[in-house]
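This briefing goes through one protein model by topic. Please keep the sequence and the structure in view while reading.

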Amino acid sequence: MLTYENKIEIYTRRKTGETINSISSRFKVHKSDIKYLIRLIDYHGLEIVKPTKRKIYLDEFKEQAINRILVDGDSIKSVAIELGFSSDSILSNWVKYYLKNGNTLKKDNKRSFSMKKTIKATNTPKSIEKNVKEENLYLKEEILYLKAENEYLKKLKALAQNSKK
């Protein structure tokens with residue numbers, strides 16, 4: 001694992017003319033990883049490689065990124081660099097998971113009825129309010145998912161029509 005200082009040194013060495021092969025040997029890093037790092041810093045600046053806390057991304061964000069690859073035809077590397085990911089494997093894993101699970105990021109594509117059962121089983125005002133909030137959150141997520149799915153289908157239809165011409 002490269003430190004922040006290593007990344008800065010790699011970038012500086014490359015920009016002063018050192019070959020990727022030489023840098024790869026010196027730091028024991030694959031050449032493609034060095035190329036990716038250089039492109040990432042060129043796009044975002046040195047701030048992008050500063051250590052940060054682990055980020056958590058919403059499913060809607062993931063689906064938008066995935067759609068750029070599957071629908072728009074952008075490359076995984078270019079989208080990952082534009083989004084500022086430390087590695088393109090993050091996005092690659094999202095795409096694999098999405099395709100493996102029937103074009104969804106949801107763990108269970110069927111609606112869960114457990115919330116309704118919980119509402120009936122507990123009658124205290126606080127538990128009902130909590131369950132209503134959970135249900136609202138679930139419904140908002142479902143709406144976002146359905147909107148993304150509709151956009152995907154529209155783009156797919158447009159692509160199919162364009163390919164017929």
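Predicted model: local features only at pLDDT ≥ 70, side-chain atom pairs only at ≥ 80, totals over all residues.

Residues are numbered from 1 along each chain as its sequence is written, and side-chain values use heavy atoms, with hydrogens and water left out.

**Confidence**

- The mean pLDDT (the predictor's confidence in each residue, from 0 to 100) of the protein is 83, and 84% of the residues reach 70 or more.
- Over residues 109-123 pLDDT stays under 50. For this stretch the model has 16 contacts (heavy atoms within 4.5 Å) beyond four places in sequence.

**Fold**

- The protein has eight helices and zero strands, where helices (H or I, at least four residues) and strands (E, at least two) are DSSP runs numbered from the N terminus.
- The order of elements from the N terminus is α-α-α-α-α-α-α-α.
- Of the 165 residues, 25% count as buried; buried means under 20% relative accessible area, exposed over 50% and partly exposed in between, with a 1.4 Å probe and protein chains only.
- Among contacts with a separation of 6 or more, 59% are between residues 24 or more positions apart.

**Largest pocket**

- A pocket is an open set of points, on a 1 Å grid over the protein atoms alone, where a 1.4 Å probe fits and protein lies on both sides within 12 Å along at least five of seven lines; lining residues have an atom within 4 Å of a point.
- The largest pocket holds about 1000 Å³ of space, the volume being the space filled by probe spheres set on the points, with grid points joined across faces, edges and corners.
- The lining of this pocket consists of 34 residues, of which Lys7, Phe85, Ser86, Ser87 and Ile90 are the closest to its centre.
- At least two lining residues come from each of H1 (4-15), H3 (31-44) and H6 (89-100). H3 gives the most, with six residues.
- By class the lining has 18 nonpolar, six polar and ten charged residues. Ala, Val, Leu, Ile, Met, Phe, Trp, Tyr, Cys and Pro count as nonpolar, Asp, Glu, Lys and Arg as charged, and the others, Gly among them, as polar.

**Helix H3**

- The 14 residues of H3 should span 20 Å at 1.5 Å a residue, and the end C-alpha atoms are 20 Å apart, which agrees. The expected span is 1.5 Å times one less than the number of residues.
- Ile34, Tyr36, Leu37, Ile38, Leu40 and Ile41 are the buried residues of H3. They pack against H1, H2 (20-27) and H5 (76-83).

**Single residues**

- Ile66 lies in H4 (residues 59-70) and counts as buried because its relative accessibility is 0%.
- Not counting residues up to four places away in sequence, Ile66 touches Trp94, Val95, Tyr98 and Leu105. The C-alpha atoms of Ile66 and Val79 are separated by 9.0 Å, at 13 residues apart along the chain.
- Lys28 is in the loop between H2 and H3 and counts as exposed, at 74% relative accessibility. Its phi is near 55°, a positive value in a residue other than glycine. Most residues other than glycine have a negative phi.
- Glu5, in H1, is exposed, with a relative accessible area of 54%. The C-alpha atoms of Glu5 and Lys50, 45 residues apart along the chain, are separated by 9.1 Å.
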